[in-house]
Amino acid sequence: MVHGTGRRIRRATSAEGAGESGLAKLIELHALNSFGDMLITIALASTIFFSVPTGEARGRVALYLLITMAPFAILAPVIGPLLDRLPHGRRAAMAMSMLARAVLAWTMAGVISGGGIALYPEALGVLVASKAYGVVRSVVVPRLLPHRLSLVKANSRVTLAGLLATGVAALVGGLLHLIGPGWPLRGAFLVFVIGTLMAFHLPHVVDSAKGEQRAVLHAEVHTEGSHLIHHKPPPVKTSLRTVGPSVVLALRAMAAMKWLVGFLVMFLAFLLREEPIGGLRPTLALGLVALAAGTGNALGSVLGSWLRTRGPEATVTAMLLLATCATAASALWYGVATVIMTAGTAGMAASLGKLALDALIQRDVPEAVRTSAFARSETLMQLSWVAGGAVGILMPLNGELGLSVAAAVVGLVLLWTIRSLFRVGLRRHPAAPRVA
């Protein structure tokens, strides 16, 4: 049965030329990465959040944010440029991110039962290694893209594999936690050791940097034919290029949606534990919200393949509009149904919006700088999530108030995005030739 299941998984990941190009190996590696990250998340959540009363848990999570997220906010802008300088060592960088998390998971397993302060710096290391992996993965996908797949569909397949692995890991992690609080971390150690070895089995083209340059995430001119602006190059360094107003529009909208997701994760986790809605038990309410968010994420990944020929600018704007409307509805009619709807909608909007952003980078950014643009956009998304989570942990535990603030924030960005959309217009093809 195990052998048959493995063959079916390999057949699914290798479809449409993914096996020949090497994308299948990246899909399987990302599934392992998501599996291991989920095991660590379960171990940390059970120690920091579930094992103590709400008031103490809020303090612990606030301390976690301070010790891990604050340094990460400083380190994250460095991750992209640093990895950008290692174009010939991407497989090694992915392997090192796996190995670092394996070592940290094994170390954390020995101290997690006490939940002491020593746990938090190790959690910071796990977070940085995980985000570094995410940046490298984003820039690797174009190198392994089969001829029969678009970048949107390839990213959708990678993301969906990670989501499925996360769901399985949640069940496995729950069972391991019944044995002891350190066992999910020991399981993560084994997963990341396997991932370290698998990273070196990626094709050698992953380490190729032929024709690549660095990108700048801003747009200066909006006139027709100037979508990609060439600056006067310095005498030695590679010339800088802009990514165009459409990509900036999508980055702004996606930053707002990632902010919303981070806010909802932190805010609803404490709100539903302290004040369960609809008479539900706190664990059941949290489980329903988590299930809705995961389902929305998976649905967004599936829809991404179907919408790959639609205008990405309109798609990312529509997702931001949908997330804003759902959050506002929850603020106005706060209840079980609306909160679950908001969690699912935010998950779907963030997932599909990210795929639309990937499509815009593929369409408007020359191949020579595309990998650099992916690295920097991934870093911006992670920082936006951190900012949203920080606001969520600081908000008073009032459902209507918190969701109203969230709706106001994303609503303002929505107005800004719609204004930019009218200026940029809708295109299905590049405004200028994608030359290097």
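Me: How many residues apart are F263 and F267 in helix α9?

Reply: F263 and F267 are 4 residues apart in helix α9 (residues 245–274), which means that about one helical turn separates them. Helices here are DSSP runs of H or I with at least four residues, strands are runs of E with at least two, and both are numbered from the N terminus. This is a predicted model, in which local features need pLDDT of at least 70 and side-chain atom pairs count only at pLDDT 80 or more, while totals for chains, interfaces and linings use all residues. Residues are numbered from 1 along each chain as its sequence is written, and side-chain values use heavy atoms, leaving out hydrogens and water.

Me: Are F263 and F267 buried or exposed?

Reply: F263 and F267 are both buried, where buried means under 20% relative accessible area, exposed means over 50% and partly exposed lies in between (1.4 Å probe, protein chains only).

Me: OK, aromatics in general: how many pairs does the structure hold?

Reply: There are 3 aromatic pairs in the structure. One of them joins W106 and F189, whose ring centres lie 4.9 Å apart with 55° between the planes, and this pair is tilted. Rings of Phe, Tyr and Trp (its six-membered ring) pair if their centres lie within 6.5 Å, and planes under 30 degrees apart count as stacked, over 60 as edge-to-face and the rest as tilted.

Me: And which helices do W106 and F189 sit in?

Reply: W106 belongs to helix α5 (residues 90–109) and F189 to helix α8 (residues 183–199), so this pair links distant parts of the chain, 83 residues apart. F189 has 29% relative accessibility and therefore counts as partly exposed.

Me: Back to F263 and F267, then: what is the geometry of the rings?

Reply: The planes of F263 and F267 meet at 20° and the ring centres are 5.2 Å apart, so this pair is stacked. Together with W259, F263 and F267 make up one aromatic cluster.

Me: What charged end sits over the ring of W416?

Reply: That is R252, whose charged end is 4.0 Å from the centre of the W416 ring. Elsewhere, R186 lies over the face of W183, at 5.0 Å from the ring centre. A charge sits over a ring if NZ of Lys or CZ of Arg is within 6 Å of the ring centre and within 35 degrees of the ring normal.

Me: Switching topic, how many salt bridges turn up in the whole structure?

Reply: The search finds 1 salt bridge, taking a side-chain nitrogen of Lys or Arg within 4 Å of a carboxyl oxygen of Asp or Glu as the criterion. R101 and D37 are the partners, and their closest N and O atoms are 2.9 Å apart. Since R101 lies in helix α5 and D37 in helix α3 (residues 23–50), the pair ties together parts that are 64 residues apart in sequence. Both R101 and D37 are buried.

Me: Where does A105 lie?

Reply: A105 is also a residue of helix α5, and at 0% relative accessibility A105 counts as buried. Its C-alpha atom is 6.7 Å from that of R186, although A105 and R186 are 81 residues apart along the chain.

Me: Last one: how many helices and strands has the chain?

Reply: The chain has 14 helices and 0 strands, and 55% of its 436 residues count as buried. Helix α12 is mostly covered, with 24 of its 29 residues buried.
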